[in-house]
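Q: Please walk me through this structure. I want to learn how to read its features.

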Amino acid sequence: MEKKIRVLLAKPGLDGHDRGIKVIAAALRDAGMEVIYTGLRQTPPMIVDAAMQEDVDAIGVSILSGAHMTLFPAILDEMKSKGVADMFLFGGGIIPDDDKEELEQLGVAKVFTPGAPTEEVIQFLRRAVAERRRDEQIM
Amino acid sequence: MTVLERFLKGDVRALSRIVSYVENRENGYQDLLGRLYEYAGHSLRIGLTGPPGAGKSTLVNGLTRMFLADGKKVGMIAVDPTSPFTGGALLGDRVRVQDLPMDGSAYFRSMATRGASGGLASATNNVAVVYDAFGFDVTLIETVGVGQVELDVIDSCDTVVVVIVPESGDAVQTFKAGLMEIADIFCINKADRPGADRLAADLKQMLDTRRTIEGAWPIPILSTQATNRGNIDKLYQQVAEHVAFCRKSGRFEKHRHTQLRKKILAILKNRFQQEFIDSLADESELDAAVQTIVDGESNPYAVGDLLYRRFSR
C-alpha cells in the first residue's frame, strides 16, 4: 500500500483566526493527504505530543497573532527535547520577511506568507516528505 | 535497538511507528502482528458508534478520564472517512479529546477508513492488538459517523455503545434492523435537547417488544450531556457492568471466539483473493473477458466459472 503523507495542523497560542488553516487543511486533504486537525489554543507540548502519537511526517502551524518568534522556537525546542528529528515543522501567517528568514535558519522547514498558493504548500510537502522518509528496522 | 524492542520497553514513539507499520501494511506486518499476539489478550475493547456529530469523541474523552481516574491506561482509536475521490482525509476527532495527561497513560490515534466501508478502517482491529500488546488496559474505538449498516465495530469490541441524539428519528427508526440491534448500551447524548425523553421512551418500547432470551443482558438506555460530563459516570458504570456480566456469563469468551473465527476467515479470504488476482496474467485478460460478454458470446457467471476452474487446476 502506498504510504500516505500525514500532517498535523494546529493553531498555537491564543489567536483564534482559523480560516487560513482550514483552507490549508482542505487543500491538503484534496491533495490526498491525511490531515490531523487539532484546532485552536494548542501549546507547544500538546502539539508535539499529538504529532508523536499520530506519527505524522510534518507539523504545520498557523500564527496570525504576531507571536511567531516565540511560538515557532518553542515548538522546535519541544521537538528537539522529545527527539522527533525525523518530523519537520512548517507554518504560515502574517510574518515579516526578516522574521521568516530567521525562523527558517532556526530550523522551521518553510514559512508561507499571505498570497502563497495552496499548490505551493502541497508541492513543498511532497518534496520535503520524500527527502526525509527513511526505513527503520522494525523487528 | 529495533523499533519492536523499544516498543516492548514502553517507548511511545515506537508504538506510533508500529501502528503506522500495521496501518500501512508494510512488508512483514503479519509477522510483526504474530509476535505482538504473544503479548496481547489483556485489553478491554469498548466501541462507540452512531451518526456524525452525535458526540462520540466527546464521550470518548469523558470515558477516558474516568478510566484514568481508576488508574487504567487507555488507548483510543478514532476513525474518520477517507475521500473516495482523492484518497485524502480530514481527521478531526482529536479536537474533542484535548487536555488529557501527557504522561503516557493516554494515547490517541486518528485513523482514516482508507476504503473500508464498515465504519472502521480495515486495520483498526490490528491496531487494537498493537495497543493490547503495548499494555493499555482499555482500548476505546470510535467509528466514523455511521448510518444504519456500518457494523464492523461488533467484530472489534467487547462492549458496543450506540450513541444517538434526540434528532435521530421517531419510533419507526428505533425498530429498524442494523445499528439499533448492535447496542449493548444505548446512549442518548445531547439529552438537554427537546425530544430526548420521547426517544428514550421509543427505545424502551422497542426493547420491550424484542424477543427476550433468558439470561440476556438487559440493555440500558442512558441520557448524557457529553460536553459538560453529564451522566458520563453512569455510562462508565454501565460499561463496567456489561463487561462484568459478559465475563460471568461466559459471553465474553464466546464473543471473542466468534471474532477470532471471523478474523481467520477474513485472512484466508484475502489470501485466496490475492492469489487469484495474481494468477491472472495481467489486467488485459479481464478486459478481454468483459469483451466476450459485451459481444454476447458469454456472461459474467460463465466467465467467472471459466477463470475459477483454470485457477483451481
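Q: What ground rules apply to the model and its numbering?
A: This is a predicted model: local features need pLDDT of at least 70, side-chain atom pairs count only at pLDDT 80 or more, and totals for chains, interfaces and linings use all residues. Residues are numbered from 1 along each chain as its sequence is written, while chains are lettered from A and ligands numbered from 1 in the order in which they are written.

Q: How many residues of chain A are in contact with chain B?
A: Contact means that C-beta atoms, placed from the backbone, lie within 7 Å. Here, 26 residues of chain A are in contact with 30 residues of chain B.

Q: Which elements of chain A give two or more residues to that side?
A: Helices (H or I, at least four residues) and strands (E, at least two) are DSSP runs, numbered from the N terminus. The contributors are helix H1 (19-30), strand S2 (34-42) and helix H2 (44-54) of chain A.

Q: Which strand of chain B is joined to S2(A)?
A: Strands pair if DSSP finds at least two bridges between them. Three bridges link S2(A) with strand S3 (residues 89-91) of chain B, and the two run parallel. A:Val35 stands opposite B:Leu90.

Q: Is strand S1 of chain B mostly covered or mostly open?
A: Buried means 20 or more other C-beta atoms within 10 Å of the residue's own, again placed from the backbone. Strand S1 (residues 44-50) of chain B is mostly covered, with seven of its seven residues buried.

Q: Which way do the residues of S1(B) point?
A: In a regular strand, side chains alternate between the two faces of the sheet. B:Leu44, B:Ile46, B:Leu48 and B:Gly50 point one way, and B:Arg45, B:Gly47 and B:Thr49 the other.

Terms used
Contact = placed C-beta atoms within 7 Å. Buried ≥ 20, exposed ≤ 12 C-beta atoms within 10 Å, placed from the backbone.
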